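Here are my notebook entries from a sitting with this chain. I jotted things down in the order I looked them up.

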Amino acid sequence: MAGAAPRVRYLAGFCCPLGGLASGRPRVLCHEAEVFLSTGGELVYVYDQEGGLLTAAYRFPGQVWHLELLALRRALYVLCARKGIYCLSLDQLSRSTSQGDGDSEDGELPSCVIPVGPEACVLPDASLCAFTVLDGTLITVVQGPAQWKMQLFEHPCPGEDPQPGGQIGEVELSTYTLPAGVPGKPADPRFLPVLCYVSPPASRVPHGHLWGSGSFTLKEALFGLLFGADATLLESPVILCGLPDGQLCCVVLKALVTSRSAPSDPKALVKILHHLEEPVIFIGALRTEPQAEEAAEVTPSGEDVHSDCLVALGHSGRMLAIKASWDKSGNLVPELREYCLPGPMLCAACGGGGRVYHSTPSDLCMVDLARGGTPLDPTQFDEGLGGLPPLLCPASLNACSVVTLFVSSRAPAGGTELLALSGKGRLMTCSLDLDLEVPGLSRMTRANTGQKIKELLSGIGNVSERVSFLKKAVDQRNKALTSLNEAMNVSCALLSSREGPKPISCRTTTAWSHLQTQDVLTATCLLENSSAFSLDHGWTLCIQVLTSSSALDLGSAGSATTYTIPVDQLSPGSQREVTLLLGPGENGTFDLPVTVSCTLFYSLREVVGRALAPSDSFEDPFLDEDPPDVLPEQEGICLPLSRHTVDLLQSLRFPGLAPPCTQASSLLSPADPVDTFLEACREPGSQQAGPASLRAAYLPPSVACIKVSAELLRAALEDSHSGVPLCCATLQWLLAENPAVDIVRAQALSCIQGVAPDGADVHVIVREVAVTDLCLAGPIQAVEIQVESSSLADTCRAHHAVIGRMQ
């Protein structure tokens, strides 16, 4: 539709539920200047196009499913869900409207909403799902326990319940599976059946006078081919029904009426025309012949148009078109074609010139069944028996989310006007000037044809570049989603395992090693993945080393150092080892105790931010999000793994306990040659003059004692140290995290002398004592843990370590 110029004009807005209107229930009808509209709720609105006013609103006792307008009787028929069919007179509507005060302040409802009572009900039936009307005769489709039924009622009047004699025909259409619902209350069908009248061309009733709004007239050739000789000879209207299972079936009206007096096989009354294999949402007819011939046949009222093509649309986009044509032998045959259009279909309508208008959630489109159709027999062109186009290309009308359509008869000559209701509840008109298409195409020259080809090729290149960019962006986001899913699984596994071994753990051990010319204390963190998930891109192992304040300077603050180690491809069952230096520091001292905390960190900005940020120079208007605004305030996820404290008892060395094979290679630093020479030259009996030697010679060692109930210790150590003397078990427990604990356990020691990191001797003695000054009943057996050292700082550190274990 290169030359078409659709003009959309919004008329009014109506209330709609949260999320917008759904397809299948809203309806729009037009009679002269009045528009009758239902949004699928309980209200039916009356809108005056000339005055631009919402003149009335009628509240029905249930959800409105369908509207039909009978112009000659000036009656509006309304189907309410689980209630029945109601009839309102247009004259009564105008009188009640004149008594109102006009529009309301909000512009959505008039000043009074008129309730519709049970006196307006012409056919109460809770199982009604669809109906159509002919001069007061109602044909309905009801939802039975296991099948659809078509019923015919003759002249029901408002306020009167139809008597058994009022039903003049019934036939079963098709079986179906009952949808699940509340016990005792049937569930509403997702898709409603579609009903319409088809009139033969020989009908004496002018089209549009006694027929309802959902009816049309077919040409004689197509009518006879579709419905057979019986319907043609009887000049009987035919009821077309499209079911939610995809069946398109027909019933001859006069055969349905006579079947009650002369019953035969009921199934013989129903003829299956086609099966779309998807819910039928629309049945219509149109004229596909040239407009000049059509204009000669149209009555002055513009209503009595004989259509030569029957169309039916399915919810998923399948379209059926049936037309009378000639085969190669010269026989008249029905030409049937199926087209696949973009779906899902929300609604459709047939217009002039062989055009079908249909709506999807993203666009309102038009297809032309007349364009491209050529007759198989050129001599028969005057009779309008041309073929159907092999392919349909929808043309966009630049309107989206239209849930119901109606072709207005108020359009100027050569144009089309559509009444539409959007998913947001807005009533609008879409005017199309379709005569501009052909002249626009005829003015195409060779020069601008080449330019047009260049523009198309350039557009193809841009689309290809855009597709490549979008594919790259989609791949990045898929990887980010996969990584986020893994991160969620890892987080849930760690947070849910508060007791017992964790699926991902980090163990910290300490050891002494010799680096260059000095001994250093190191901590080894072993990250082990015992889970079923892999730690990939975005994960980082954070190790924080927090030193305490110096024991000699109580006013100094501790310092913290954080190490970040990226974790890449740590698959299930794998391990990762990290070794850190704990001391000595820059001043040559050891700040103990030291706390080593291990944490897993997942960076959201690194993973999600990279997926949201444009990674190409090509600017895409649909990917203009700013990653910092999309991401949460937190930059990542922290999952604590372990917290380990390294104190003096763990860092003690015991050179005298080393096995004989290792005594030659002591962990202590080799003697400096200058010190060895000065030691050899020193006179016998002389002493060093250093501060440490003076303190050791003239000051007694610092001592700290802790007494603990022997009964409590024995109960606490019974499981892990059964059969071991209490003093030996206590010393082994204190040195459990020291590398020399195996030697202490093998020699069953209860006292031990070691070397602190700064070189001072530390003596740990465990013995059993009797405490007599606590209880009048007698002495209490206790275990005394005594630490002594020539260094006051080391004594404090050892005492602090013992207290920590006791706590």
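**Ground rules.** I call a residue buried when its relative accessible area is under 20%, exposed when over 50%, and partly exposed in between, using a 1.4 Å probe and protein chains only. I am working from a predicted model, where local features need pLDDT of at least 70, side-chain atom pairs count only at pLDDT 80 or more, and totals for chains, interfaces and linings use all residues. Residues are numbered from 1 along each chain as its sequence is written, and side-chain values use heavy atoms, with hydrogens and water left out.

**Whole chain.** I found 807 residues, of which 45% count as buried. The accessible surface comes to about 41100 Å², and carbon and sulfur atoms hold 55% of that; the areas come from the Shrake-Rupley method with a 1.4 Å probe, and for residues only the protein chains shown count as cover. I noted 15 helices and 42 strands. These are DSSP runs numbered from the N terminus: H or I of at least four residues for helices, E of at least two for strands.

**M428.** Is M428 buried or exposed? It is buried, at a relative accessible area of 5%. M428 belongs to strand β31, residues 426-433. For contacts I took heavy atoms within 4.5 Å. Beyond four places in sequence, M428 contacts V8, R9, Y10, L11, V402, L418, L419, A420 and S422. I also checked V402 against M428: they sit 26 residues apart in sequence and 9.7 Å apart in space, C-alpha to C-alpha.

**Q786.** This residue is in strand β42, residues 780-789. Q786 counts as buried because its relative accessibility is 10%. Its side chain makes a polar contact with the side chain of E788 at 3.1 Å. That term covers a pair of N or O atoms within 3.5 Å; within protein, one must be able to donate a hydrogen and the other to accept it, and residues adjacent in sequence count only if both atoms are side-chain atoms.

**An open sheet.** I traced 4 strands in the order β20-β22-β23-β24, with antiparallel pairing. The edges are β20 (280-286) and β24 (332-340), each pairing on one side only. Two strands pair if DSSP finds at least two bridges between them. How many bridges join β23 to β24? I got 9, with β23 spanning residues 318-326.
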